[in-house]
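Jotting things down as I go.

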Amino acid sequence: MEITGIISGIIIGAVIGALGRLVIPGRQRMPVWLTIVIGVVAALIGTAIATVLGVADTRGVDWIELGIQVALAALGVSLTAGLYGKRGG
């Protein structure tokens with residue numbers, strides 16, 4: 001993997017993580033780096049799920065894949081914010 005691929009993955013992860021945070025109501029007390037990590041993981045898992053479902057490569061924007069990724073990011077942010085908040089961090 002090239003450095004541009006890694007940087008692209010981080011940027012996409014940040015966007016997916018941010019969208020996941022926007023979907024969850026209220027304020028999430030967790031660091032930005034954690035949101036990016038959740039976004040990267042959600043993007044990878046979402047792409048894998050979309051590939052299995054056969055909707056990863058469509059004409060134009062892959063809205064179904066994006067929706068899966070954002071839903072996974074929202075789930076990840078929700079779970080992590082709950083655990084992170086209980087920790088007192």
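This is a predicted model: local features need pLDDT of at least 70, side-chain atom pairs count only at pLDDT 80 or more; totals for chains, interfaces and linings use all residues.

Which residues lie nearest the centre of the largest pocket? I found Gly-9, Ile-12, Val-40, Ala-43 and Leu-44 there, among eleven lining residues. Numbering runs from 1 along each chain as its sequence is written, and side-chain values use heavy atoms, with hydrogens and water left out.

For the record, a pocket here is an open set of points on a 1 Å grid over the protein atoms alone, where a 1.4 Å probe fits, with protein on both sides within 12 Å along at least five of seven lines; lining residues have an atom within 4 Å of a point. I noted about 230 Å³ of space in the largest pocket, the volume being what probe spheres set on the points fill.

Next I checked who supplies the lining. Helices H1 (3-23) and H2 (32-53) each give at least two residues, and H1 has the largest share, five. (Helices are DSSP runs, H or I, of at least four residues, numbered from the N terminus.)

Then I looked at H1 itself. Gly-13, Ile-16, Gly-17 and Gly-20 are buried in H1 (under 20% relative accessible area, 1.4 Å probe, protein chains only; exposed is over 50%). They sit on the same side of H1 because they cover an arc of only 105 degrees around the axis, taken from the directions from the axis to the C-beta atoms. Ile-3, Ile-11 and Leu-22 are exposed on the other side of H1.

Last stop was Gln-28, in the loop between H1 and H2. Gln-28 counts as buried because its relative accessibility is 10%.
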